[in-house]
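Please look over the sequence and the structure shown below, and then read the report that follows, which takes up a few local features in turn.

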Amino acid sequence: MEPRFSAGQVVVRREMLDDREWLVYPVRVVADDGRTLAVYLAQGTPLTFGRGDFSWGLHPWVDFDHSWQSSGVLQLQRAGDGYAVWARWEGAALKDWYVNFQRPVRRTERGFDTLDQELDLVIPADGSPFVWKDVDHFEERVRAGGFGPGEAEAVREAADKVVRLIETGDCWWEQWRDWQPPTAAEVPGPLALENVTVTDPGI
């Protein structure tokens with residue numbers, strides 16, 4: 001049975017590349033019903049980057065401040081989905097839904113593992129048309145052979161699925177529209193790398 005987490009619990013989100021930790025940071029659980037895991041990434045949360053050689057090189061954020069600089073975000077991910085939906089605010093108002101295409105989450109005893117797959121989709125909260133983001137980065141990753149067999153196709157299929165959800169109005173993330181981030185979110189402490197070898201990619 002996969003681990004279930006309690007509201008308020010701090011868990012670990014890891015981006016795993018080459019079966020090693022590429023980016024690690026703590027998030028606080030908002031809700032977990034076994035399928036949808038909602039977590040909050042607070043502004044100022046420390047980021048820990050993997051060391052050594054990676055097939056994609058070092059994480060692109062490694063040269064910046066090693067903490068989450070933007071406002072806090074609510075991350076929503078469902079079992080089996082090749083994407084997560086992040087709610088982003090501007091002041092007290094919901095700004096947009098940021099669809100982050102990623103490997104389906106694999107739960108661990110400490111949290112969950114995934115890997116950002118470059119492509120993103122921004123859905124303005126005011127109903128304006130959605131906008132694709134980082135398409136060129138995704139296609140360059142494809143050309144460079146950075147994805148495993150069938151992985152790029154899976155990203156495109158996930159993107160098509162999200163577009164269909166938007167077009168049919170079946171946007172499951174909208175149930176979180178009225179959720180508000182905590183006014184004084186406690187920022188979890190930094191995490192050390194585990195250097196654990198992962199044999200199950202969770203896909």
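## The loop between β1 and β2

In this predicted model, Asp-18 is placed in the loop between β1 and β2, and Asp-19 is found in that loop as well. Asp-18 takes a positive phi of about 60° although it is not a glycine, and Asp-19 likewise has a positive phi, near 60°, in a residue other than glycine. Most residues other than glycine have a negative phi.

## The largest pocket

The largest pocket holds about 720 Å³ of space. Its lining is made up of 27 residues, of which His-59, Pro-60, Trp-61, Tyr-98 and Asp-116 are the closest to the centre of the pocket. The elements that give two or more residues to this lining are the strands β1 (10–17), β2 (20–32), β6 (83–90), β7 (93–102) and β10 (116–124), together with helix α1.

Of these elements, β10 gives the most to the lining, with three residues. Sorted by class, the lining of the largest pocket has 11 nonpolar, 10 charged and six polar residues.

## Helix α1 and Asp-136

Helix α1, which covers residues 135–143, includes Asp-136. With a relative accessible area of 52%, Asp-136 lies over the 50% cut-off, and it therefore counts as exposed. Although Asp-136 and Leu-119 are 17 residues apart along the chain, their C-alpha atoms are separated by 8.5 Å.

## Helix α2 and its two sides

The buried residues in α2 are Glu-151, Ala-152, Val-155, Ala-158, Ala-159, Val-162, Val-163 and Leu-165. When the helix is seen down its axis, these buried residues fall within an arc of 155°, so they line one face of α2. An α-helix has 3.6 residues a turn, so residues three or four places apart point the same way.

The buried residues of α2 pack against the strands β6, β7, β10 and β11 (131–133), and also against helix α1. On the other side of α2, by contrast, Glu-157, Glu-167 and Thr-168 are exposed. Just after the helix comes Gly-169, which takes a positive phi of about 75°.

Where is Ala-42 found, and is it buried or exposed? Ala-42 is found in the loop between β3 (36–41) and β4 (48–49), and its relative accessible area is 4%. Because this value falls under the 20% cut-off, Ala-42 counts as buried.

Leaving aside neighbours within four places in sequence, Ala-42 is in contact with Trp-68, Gly-72, Ala-185 and Val-187. Ala-42 and Ala-184, which are 142 residues apart in sequence, are 9.4 Å apart in space when taken from C-alpha to C-alpha.

Conventions. Residues are numbered from 1 along each chain as its sequence is written. This is a predicted model: local features need pLDDT of at least 70, side-chain atom pairs count only at pLDDT 80 or more; totals for chains, interfaces and linings use all residues. Side-chain values use heavy atoms; hydrogens and water are left out. Helices (H or I, at least four residues) and strands (E, at least two) are DSSP runs, numbered from the N terminus. Buried means under 20% relative accessible area, exposed over 50%, partly exposed in between (1.4 Å probe, protein chains only). On a 1 Å grid over the protein atoms alone, a cavity is a set of points where a 1.4 Å probe fits but cannot get out, and a pocket is an open set with protein on both sides within 12 Å along at least five of seven lines; lining residues have an atom within 4 Å of a point. Grid points are joined across faces, edges and corners, and a volume is the space filled by probe spheres set on the points. Ala, Val, Leu, Ile, Met, Phe, Trp, Tyr, Cys and Pro count as nonpolar, Asp, Glu, Lys and Arg as charged, and the others, Gly among them, as polar. The arc is that of the directions from the helix axis to the C-beta atoms. Contact means heavy atoms within 4.5 Å.
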